[in-house]
Amino acid sequence: MARMPTAPEPGPAGASTVGREPTVWVVIPLFNEATVVGRVIEELLTTFQHVVCVDDGSTDGSAEVAEAAGARVIRHPYNLGQGAALQTGISYAREQPGAEYIITFDADGQHRLVDAQAMVALARAEKAAIVFGSRFLDDRTKPGALKRLVLKTAVLVTNLTTGLTLTDAHNGLRVIRTDAARAVNLKQDRMAHATEIVLQLGRTRLPYREFPVEVLYTDYSRAKGQSLLNSINILVDLVIN
Amino acid sequence: MWFQLLLVLALVAIAAYLLRSTPNAKHLAIRRLVVFLGLAAGIVVVVAPGVLTSMARAVGIGRGADLLFYTAIVAGLVYVVNEYKRSVQLARANTQLARELALTEARLQDRIAELERKEPS
């Protein structure tokens, strides 16, 4: 094998491991985000010891960038989809000794570190097994009118099918305690996993909270964002067995 | 023309099949039975074309060719749905296989790193 195993304790050269969260694993599905993912990982590593990137067959060198930034990189042999990458990351993280919480985080820099930190603190303080990030608990996040409509429809569908009452669906920022994470077995390889994960977490009947987060819609993330037509794909994927 | 009712029912059944059921051994047996029945019916119709016309008349369609056409459309749809479901199943199996490969590689790397930490060479 050409690739050498990564260093046992991931971290940028010279970074101190003192004071970083040792029991939280950050899981980042990664597909062609080479321009931004390095910064995202470096920022996360200032607070969390373990950042796992699942490279989903990127062709732009994202995996190398992530590795250089200090993440533990797991490579899919070829592109399988974001849901598949998320599941691989969760499967890996939940079997790590000492893992207490798993954070799911997007690679494109639209989530904020402070929100992730606060969500872990909330999970600990209120003994919640799951904390969902929500864009709609306050008015900091400014999606366009059309995007808002699509997202709100997704929320409605999710709440109807899962029995939970959430204000946001399809938000990539979540904190999942490892016992809840064991119930996650995503079969939706593509975007419909965001509804599926809520469904599977809801079935655990474990206590959950929502936390107001800000999603940074940069020009970059807007350009990569989901198209409206894609929501039709999500619906079809969800209803067909 | 109660063949219309039959056609609509068949299409609704296909839609339900697409949305609801997951493949199992019973379905496989039914599919194989239908294939054999279809072949047998084909032979009968080829040998005695009059049968098709009288069957069509019986369900309220004028010509046997029309009945054949409708049946072929329904059969084609069933085939498409079956293949679609099969490809979804295969894609899921494929994902699991790829995931196991990725995770096994990761576990191996972790194990090697752990051993190297214990015994620096």
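Colleague: Where do Arg86(B) and Glu83(B) lie?

Modeller: Both lie in helix H4 of chain B, residues 64-118, three residues apart, about one turn of the helix. Helices here are DSSP runs of H or I with at least four residues, strands are runs of E with at least two, and both are numbered from the N terminus.

Colleague: And what do the side chains of Arg86(B) and Glu83(B) do?

Modeller: They meet in a salt bridge, 3.6 Å from N to O. The rule for that is a side-chain nitrogen of Lys or Arg within 4 Å of a carboxyl oxygen of Asp or Glu. As for the spacing, an α-helix has 3.6 residues a turn, so residues three or four places apart point the same way.

Colleague: Arg86(B) and Glu83(B): buried, exposed or in between?

Modeller: Arg86(B) is partly exposed at 48% relative accessible area, and Glu83(B) is partly exposed at 31%. Buried means under 20%, exposed over 50%, and partly exposed is in between, with a 1.4 Å probe and protein chains only.

Colleague: Before we go on, what are the ground rules?

Modeller: This is a predicted model, so local features need pLDDT of at least 70 and side-chain atom pairs count only at pLDDT 80 or more, while totals for chains, interfaces and linings use all residues. Side-chain values use heavy atoms, with hydrogens and water left out; residues are numbered from 1 along each chain as its sequence is written, and chains are lettered from A and ligands numbered from 1 in the order in which they are written.

Colleague: OK. How many salt bridges are there over all chains?

Modeller: There are 16. One of them joins Glu126(A) to Arg209(A), with the closest N and O atoms 2.4 Å apart. That pair links distant parts of the chain, 83 residues apart: Glu126(A) is in the loop between helix H4 (113-125) and strand S5 (130-134) of chain A, and Arg209(A) is in strand S7 (residues 208-212) of chain A.

Colleague: How accessible are Glu126(A) and Arg209(A)?

Modeller: Glu126(A) is partly exposed at 38%, and Arg209(A) is partly exposed at 29%.

Colleague: What about Asp115(A), buried or exposed?

Modeller: Asp115(A) is buried, at 3% relative accessible area. Its side chain meets that of Arg112(A) in a salt bridge, 3.4 Å from N to O, and Arg112(A) is partly exposed at 23%.

Colleague: Which residues are linked in a network of salt bridges?

Modeller: Glu21(A), Glu100(A) and Arg124(A) are linked that way.

Colleague: Switching to the interface. How many residues of each chain are in contact?

Modeller: 24 residues of chain B are in contact with 26 of chain A, where contact means heavy atoms within 4.5 Å. The two chains bury about 2,300 Å² between them, 53% of it on carbon and sulfur atoms. In chain B, Arg92(B), Arg99(B) and Gln109(B) lose the most area to chain A, together 25% of what that side buries. Buried area is the accessible area (1.4 Å probe) that two parts lose on being put together, summed over both.

Colleague: How many salt bridges does the rule find across the interface of chain B and chain A?

Modeller: It finds two. The side chains of Glu95(A) and Arg107(B) also meet in a salt bridge, 2.7 Å from N to O.

Colleague: And which elements of chain B give two or more residues to the side that touches chain A?

Modeller: Those are helix H1 (3-19) and H4 of chain B. The largest share, 19 residues, comes from H4(B).

Colleague: Last topic, backbone. What is phi of Lys127(A) near?

Modeller: It is near 50 degrees, a positive value in a residue other than glycine. Lys127(A) is in the loop between H4 and S5 of chain A and counts as exposed at 62% relative accessibility.

Colleague: And what about phi of Arg205(A)?

Modeller: Phi of Arg205(A) is near 60 degrees, a positive value in a residue other than glycine. Arg205(A) is in the loop between helix H7 (193-203) and S7 of chain A, and at 76% relative accessibility it counts as exposed.
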